[in-house]
Amino acid sequence: MTPTEGRLRTRAVRLGPRSLAALCLVSAVGVAGFGWPLFADPTSQVAAHAQDAPWLFAGLLVLLVAVVTATISESGLGPKAVAMLGVLAATGAALRPIGAGTAGIEPMFFLMVLSGRVLGPGFGFVLGSVTMFSSALLTGGVGPWLPFQMLAMGWFTMGAGLLPGPDRLRGRGELALLAAYGFCAAFAYGTVMNLAGWPFMGALASNVAFDPHADVSANLARFLAYCLATSLGWDLGRAVVTVVLTLALGATLLKALRRATRRAAFETPVTFEPR
């Protein structure tokens, strides 16, 4: 097999109509779950029961993630792909505690970027969610924030699978693209997770706390100030670590992932030749 032939045989796990619809559904619910404080009417029942929203959304999100996993499995995740999902999720979960609590040093993010790039957006979404769930069990980080982390990491990994040129772009150009995406997505992940907890600060920090009676522009300004004051340093550390590891180890890991994908031949149909 020539390098070109091997390259052409590397294919991401494709999404079928049902899995794509389920993925859009869970993402839409996720956007509503993260963004409701900015758009809910202060007099609405949603705002009146704001303290219950994380728990209700957590239960709904778990069910939707289960639906997405099941439908994606119907669309091509056979035993080999499930085995790879388990290996990558376990590796990501093991990487997370290495820098936990230390200035955003989180090496699992670069693994999610490269995995999503090779295996596609559907596989990436499931991998990101499962990895975050596994790492929470490993580190004891289970709480009402976990479903939000699972969804945000699913989006983070899925985005890498949506980057252009999966069959053509290789070498330094691809590494530069993945490093740039990892840098931006690391900040996006931190910003989204801030949005999950920011509405429930109460009066702890009045100048940056969510004000249910303010308009969208005022709350956006408060939220920006909150992000700058609380998580900018952490997000920067995550972004820099992701870029450094992607540039240093990305070429080797991409080759390994693509070789494993070719050998697994996820979507090669099983045929029997007549005697």
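In the predicted model, Phe109, Val113, Leu114 and Arg117 of helix H6 meet Glu174, Leu177, Leu178, Tyr181, Gly182 and Tyr189 of helix H9. Sorted by class, this contact of H6 with H9 comprises seven nonpolar residues, one polar residue and two charged residues. The crossing in which H6 passes H9 is right-handed.

Helix H9, which spans residues 172-197, also packs against helix H8, which spans residues 146-161, and here the angle is about 160 degrees with the axes 10 Å apart. Because angles over 145 degrees count as roughly antiparallel, this value makes H8 roughly antiparallel to H9. The passage of H8 across H9 is again a right-handed crossing. On the side of H8, the contact is made by Phe148, Gln149, Ala152, Met153, Trp155, Phe156, Gly159 and Ala160, whereas H9 contributes Tyr181, Gly182, Ala185, Ala186, Tyr189, Val192, Met193 and Ala196. By class, the contact of H8 with H9 holds 13 nonpolar and three polar residues, with no charged residues. Tyr181, Gly182 and Tyr189 of H9 take part in the contact with H8, and these residues of H9 are also met by H6.

A further site concerns Glu106, which is placed in the loop between helix H5 (79-95) and helix H6 (108-119). Glu106 has a relative accessible area of 9% and is buried, since the cut-off for a buried residue is under 20%. Once neighbours within four places in sequence are left aside, Glu106 is in contact with Trp234, Arg238 and Val241. With one of these residues, Trp234, the side chain of Glu106 makes a polar contact, side chain to side chain, at 3.3 Å.

At the level of the whole protein chain, the model has eleven helices and zero strands, and the pattern read along the sequence is α-α-α-α-α-α-α-α-α-α-α. Of the 275 residues of the protein chain, 46% count as buried. When contacts between residues at least 6 apart in sequence are considered, 81% of them join residues that are at least 24 apart.

Notes: Residues are numbered from 1 along each chain as its sequence is written. This is a predicted model: local features need pLDDT of at least 70, side-chain atom pairs count only at pLDDT 80 or more; totals for chains, interfaces and linings use all residues. Side-chain values use heavy atoms; hydrogens and water are left out. Axes are lines fitted to C-alpha atoms, for helices over the stretch in contact, and angles run from 0 to 180 degrees between N-to-C directions. Helices (H or I, at least four residues) and strands (E, at least two) are DSSP runs, numbered from the N terminus. Angles under 35 degrees count as roughly parallel, over 145 as roughly antiparallel, 65 to 115 as roughly perpendicular and the rest as oblique. A crossing is left-handed if the near helix is turned anticlockwise from the far one by less than a right angle, and right-handed if clockwise. Contact means heavy atoms within 4.5 Å. Ala, Val, Leu, Ile, Met, Phe, Trp, Tyr, Cys and Pro count as nonpolar, Asp, Glu, Lys and Arg as charged, and the others, Gly among them, as polar. Buried means under 20% relative accessible area, exposed over 50%, partly exposed in between (1.4 Å probe, protein chains only). A polar contact is a pair of N or O atoms within 3.5 Å; within protein, one must be able to donate a hydrogen and the other to accept it, and residues adjacent in sequence count only if both atoms are side-chain atoms.
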